[in-house]
Amino acid sequence: MVSGGARAVARCDELGVAPYSDAPDMLFRAYLTPAFAAAQRAIAGWMIEAGMTTRIDAAANLVGRYEGLEPDAPPLIIGSHIDSVRDAGRYDGPLGVMLGIEAVAALHAAGRRMRFPIEIYAFGDEEGSRFATAMLTSRAVAGTLEPGMLDIADARGISLDEALAPFELSDLKFAEARHPGALAYLEAHIEQGPALEALGLPVGVVTGIAAQLRYIVTVTGVAGHAGTSAMTLRSDALAAAAEMVLAIERIAREDASDLVATVGRMEVAPGAPNVVPGKVVFTIDIRSGDQARRDRAAAAILTALRGIAAHRGTGFTSEQTNDLAASPCDPRLMDLLEAALVAQGVAPHRLVSGAGHDAMILAALCPTAMLFIRCAGGISHNPAEHADPADAEIALRVMLGFIERLDAL
Ligand code: HGY
Ligand code: MN
Ligand code: MN
């Protein structure tokens, strides 16, 4: 018989290709697309098979529920996201959802119910790969949406409200996804880094998640003929942006800490070989476990970029699109998770997450815990991402041990 861990990995693989990807040649499943809807249908089927009832909430999250002995008790939420980055790996997000389903399937097969209900959340938007504001759907659940956050459109100009319409949902009701109150939130996720692999450990307990800031920067120069615009007379937006990217890298490197800063997307207009670039739009993502350090670096970066723009005579604007506070995991839940991990014969190890997770948003709703699963070479946000079925099986047993310990409190 296939183990629950192996089945969870196999289901992630199944979700890695069409019709569960919107792109024919890679995995890209953005929030509210046809591939997203197809993935929801498949996952809902697996939830029902595992003994749950299912619903889609007002933010288009798929929710499976396994009743407890005390139906009105606040539930344990187990979740992660099913949207992906462009050209994604198969496990970032879905593995946590699949393992949650497997945990319920194991309880159901054993005829076991806890005092509390268990809800499995397949969050819709975590990556922010369609709309610039990431973690929209967990913010709706945690009740931390801010004014203006839903007033957004994707790269093709489709508003959130228009994207919700095929799901028979609307941005006016989005906040109704707010959860009435949960006992705890547990998220299993691939580590997306090399630490567990280097230590020879299949799983580890997360202590907290680094703070993030994201910006969109627009650099405006003057478009001109590539053959006739003299080098000394140009206002080249891309040359200025290139200098800015290097300044961002230098500032982050010079900090010599856990601080990281990334320019991950750049659009050059008009984007022709024979035209001096007139406009460049790029993103900046800045993170550190220390929020004050992150903020100091962000201020230094913006000052440097303004200086480059002034020196080169280009226009410069920046807009903050995301501000996620550092999020410590709950000490008591960490201890429970660690006890469950030790019971599986795994040496305990605690580590910080540089990647963002829905858990950092859910922390506003209830205490949170995260279990990291080793991933090959620490590679993530890359189709080469790989999680071992044997590690997933250990993670599943740790999650079940955690659930039993939470029930016994
Ligand atoms: O960007 C992140 O940290 C995550 O993968 N959403
Ligand atoms: Mn990711
Ligand atoms: Mn993720």
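Reader: Where does Ala 347 sit?
Author: Ala 347 is in the loop between α9 (331-343) and β15 (350-353). Helices (H or I, at least four residues) and strands (E, at least two) are DSSP runs, numbered from the N terminus. This is a predicted model, where local features need pLDDT of at least 70, side-chain atom pairs count only at pLDDT 80 or more, and totals for chains, interfaces and linings use all residues. Residues are numbered from 1 along each chain as its sequence is written, chains are lettered from A and ligands numbered from 1 in the order in which they are written, and side-chain values use heavy atoms, with hydrogens and water left out.

Reader: What does Ala 347 touch?
Author: Leu 201 and Leu 341, leaving aside residues up to four places away in sequence; contact means heavy atoms within 4.5 Å. Leu 201 is 146 residues from Ala 347 in sequence, yet their C-alphas are 7.4 Å apart.

Reader: OK, metals. What coordinates the manganese ion (ligand 2)?
Author: Asp 92 (OD), Glu 127 (OE) and His 381 (NE2), at 2.1 Å. Donors are N, O and S atoms within 2.8 Å of the metal (3.2 Å for Na, K and Ca), and water is not among the atoms, so sites may look incomplete.

Reader: And which residue bridges ligand 2 and ligand 3?
Author: Asp 92 does, and those two manganese ions lie 3.6 Å apart.

Reader: Is Asp 92 buried or exposed?
Author: Buried, at 7% relative accessibility, while His 381 is partly exposed at 42%. Buried means under 20% relative accessible area, exposed over 50%, partly exposed in between (1.4 Å probe, protein chains only).
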